[in-house]
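Keep the model open while you read.

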Amino acid sequence: MPESRPRKKTASTVEKAAPEAYKPNPVWFKPVMFGLMIIGLFWIITFYISEGRFPVQAWGSWNIVAGFGIAIVGFLMTTRWRS
């Protein structure tokens with residue numbers, strides 16, 4: 001019985017590159033991540049406890065947005081956290 005010819009590789013078949021080596025986060029990453037979350041929380045708590053006089057009185061209710069913004073940056077950093 002004759003042997004069949006091997007299939008030719010098409011141009012669309014591309015070999016995948018080797019995955020990148022595991023790289024842990026820099027030492028400063030976790031303290032900054034947790035620090036931002038805690039600062040955002042304290043910002044909002046300070047605003048409510050001081051009845052709007054602190055942290056920035058001129059901003060008024062925008063202090064809540066600033067506190068949540070700071071905390072959200074910290075939470076977004078958790079998506080890049082590698083232990």
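**Helices, loop and contacts**

Q: Is Y22 buried or exposed?
A: Residues under 20% relative accessible area are buried, those over 50% exposed and those in between partly exposed (1.4 Å probe, protein chains only). Y22 has 56% relative accessibility, so Y22 counts as exposed.

Q: What kind of model is this, and how are residues numbered?
A: Numbering runs from 1 along each chain as its sequence is written, and side-chain values use heavy atoms, leaving out hydrogens and water. Local features need pLDDT of at least 70, side-chain atom pairs count only at pLDDT 80 or more, totals for chains, interfaces and linings use all residues, and the model is predicted.

Q: Which residues does Y22 touch, not counting residues up to four places away in sequence?
A: Y22 is found in the segment before α1. Helices are DSSP runs (H or I, at least four residues), numbered from the N terminus. Contact means heavy atoms within 4.5 Å. On that basis, Y22 touches R82 and S83.

Q: How are α1 and α2 oriented to each other?
A: Two packed helices are described by the angle between their axes and the distance between the axes. Axes are lines fitted to C-alpha atoms over the stretch in contact, with angles from 0 to 180 degrees between N-to-C directions. Here the axes come within 8 Å and cross at roughly 160°. Angles over 145 degrees count as roughly antiparallel, under 35 as roughly parallel, 65 to 115 as roughly perpendicular and the rest as oblique, and so α1 and α2 are roughly antiparallel.

Q: How many nonpolar, polar and charged residues are in the contact of α1 with α2?
A: Residues of α1 including W43 and F47 meet residues of α2 including N63 and I64. Ala, Val, Leu, Ile, Met, Phe, Trp, Tyr, Cys and Pro count as nonpolar, Asp, Glu, Lys and Arg as charged, and the others, Gly among them, as polar. By class the contact has 18 nonpolar, four polar and no charged residues.

Q: Which backbone atoms does the side chain of S50 reach?
A: S50 lies in the loop between α1 (29-49) and α2 (62-77). At 7% relative accessibility, S50 is buried. A polar contact is a pair of N or O atoms within 3.5 Å; within protein, one must be able to donate a hydrogen and the other to accept it, and sequence neighbours count only if both atoms are side-chain atoms. The S50 side chain reaches the backbone oxygen of T46 at 2.8 Å and the backbone nitrogen of F54 at 3.0 Å.

Q: What is the phi of E51?
A: E51 is in the loop between α1 and α2. Most residues other than glycine have a negative phi. E51 is not glycine, yet its phi is positive, near 55°.

Q: Which peptide bond is cis?
A: Most peptide bonds are trans. One with omega of about -5° is cis, and it joins F54 and P55.

Q: Which backbone oxygen does the side chain of N63 reach?
A: N63 is found in helix α2. At 0% relative accessibility, N63 counts as buried. Beyond four places in sequence, N63 is in contact with W43, F47, P55 and V56. At 2.7 Å, the N63 side chain reaches the backbone oxygen of V56.

Terms used: Helices (H or I, at least four residues) and strands (E, at least two) are DSSP runs, numbered from the N terminus.
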